[in-house]
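The briefing below concerns the fold and packing of the chain shown here. Please consult the sequence and coordinates alongside the text.

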Amino acid sequence: MGQFDNKVVMITGAGGGIARGIVKKFAEEGAKLILVDRHFDAVQATVSELAVPDSKYLITGGDLGKPEDAEAIVTEVEGKFGKIDVLAHAVGGWAGGSPVHETDISVFEKQIYLNTRIVYITLGRVAKHMVDKGVEGSIVAILARTGLSGSKNTAAYAASKAAAQRIVESMALELKDHNIRVNGVMPSIADTEANRKSMPSSDFSKWVTPEQIADTIAFLASDAASAITGQAIGVYNKV
C-alpha cells in the first residue's frame, strides 16, 4: 500500500526532467495521476516506462498562463477523477546570463509569465476547486533559491521566483482555515539531461537529483507534513 493510495495528484510540466522524478514517486506511492503538459508524447513515454495502468492516469494539457485553459483542465479532471488532492506544480523556466541594462524586456516578460503568472493562475484555480469540493488538500510549487535574493545576471529569473514565493506564502494564509496547505521547494541546480547539456563542464555530482526533489514534494504533500504550510524548503546538495 502506498501513502497516496486513493489520492489524486496533479503534476504540471509533467514532461520535464524534474517532473519525471515526481511522476515516478507518486506512481510508486499509488496515486492517481493527472499529468499536465503540452508535450503529450514525452508524458506518455514516462507513464509507459513506469507501467502506470490506464485507469490511474490522465494526460491533459494547455497554456496554464491562460485562465480559460486552467479552467478547462480542472473541469476535465473533475469529470475523470472527481477531485484533486495534491498539486505538484513543476512548470517554470530559466533565462538570463546578462545584466539588466543589456537584457531585452522580452526576457523579463517571459520569466514573469512562466514563473509567476502561471503559478498565480494554476495554484489559484486548483485552490478554488479544493475549496468548492471541500478537499483538505496540499499544494506544492517548485520555487528557487535564487528567489531569496538578487543574483548577478539573473534579475528577471530572481524576480519571477521571488514573486512566486510570495504567492505561495500568501495562499497558505488564505487557505489555512480550509485545511489546505501550500508550500514550495527550492532546489539548487537539478541534475537533468537539459542542464547537463547546457553546462557540460560542471560537476554533476554536486547537483540535486529529480528524485531528491520528488521525495521532498511527496513529504510536503503527505500527512507527515500536516503541520507545515507557507514554507519554502531548500533542496540543495553541494551547491
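In total, 7 of the 7 residues of E6 are buried. The model is predicted, so local features need pLDDT of at least 70 and side-chain atom pairs count only at pLDDT 80 or more, while totals for chains, interfaces and linings use all residues. Residues are numbered from 1 along each chain as its sequence is written, and side-chain values use heavy atoms, leaving out hydrogens and water.

**Sheet**

- Helices (H or I, at least four residues) and strands (E, at least two) are DSSP runs numbered from the N terminus, and two strands pair if DSSP finds at least two bridges between them.
- The 7 strands form an open sheet in the order E3-E2-E1-E4-E5-E6-E7, with parallel pairing.
- Strand E3 (57-60) and strand E7 (232-235) are the edge strands, each pairing on one side only.
- On average, neighbouring strands of this sheet are turned by 15° against each other, direction ignored; axes are lines fitted to C-alpha atoms, for helices over the stretch in contact, and angles run from 0 to 180 degrees between N-to-C directions.
- Strand E2 (residues 32-36) pairs with E3 in the parallel sense over 4 bridges, with Thr60 of E3 as the bridge partner of Val36.
- E1 and E2 are also parallel, over 5 bridges, and Ile11 has Leu35 of E2 as its bridge partner.
- Because 4 of its 5 residues are buried, E2 is largely enclosed by the rest of the structure.
- E5 and E6 run parallel and are joined by 5 bridges; the partner of Ser138 in E6 is Arg181.

- Helix H7 (residues 210-221) lies across strand E4 (86-89), E5, E6 and E7, at about 165° to E6.

**Nonpolar cores**

- A nonpolar core is a set of buried Ala, Val, Leu, Ile, Met, Phe, Trp, Tyr and Cys residues joined through side-chain atoms within 4.5 Å.
- The largest core has 33 residues, of which Met10, Ile34, Leu123, Ile139 and Val182 touch the most other members.
- Strand E1 (8-12), E2, helix H3 (67-80), helix H4 (105-133), E5, H5 and E6 each supply at least two residues of this core, and H4 gives the most, with 7 residues.
- Apart from this core lies another of 30 residues, among them Phe4, Ala90, Ile142 and Ala221.
- Beyond its neighbours within four places in sequence, Met10 has contacts that include Ile34, Val36, Ile73, Val86 and Val126.

**Helix pair H3 and H4**

- The axes of H3 and H4 come within 10 Å and cross at roughly 35°.
- Pro67, Ala70, Glu71, Val74 and Glu78 in H3 meet Arg117, Ile121, Arg125, His129 and Lys133 in H4.

**Gly134**

- Gly134 is found in the loop between H4 and E5, and counts as exposed because its relative accessibility is 58%.
- The C-alpha atoms of Gly134 and Arg145 are separated by 33 Å, although these residues are 11 residues apart along the chain.

Note on methods:
Contact = heavy atoms within 4.5 Å. Buried < 20%, exposed > 50% of the residue type's maximum accessible area, 1.4 Å probe, protein only.
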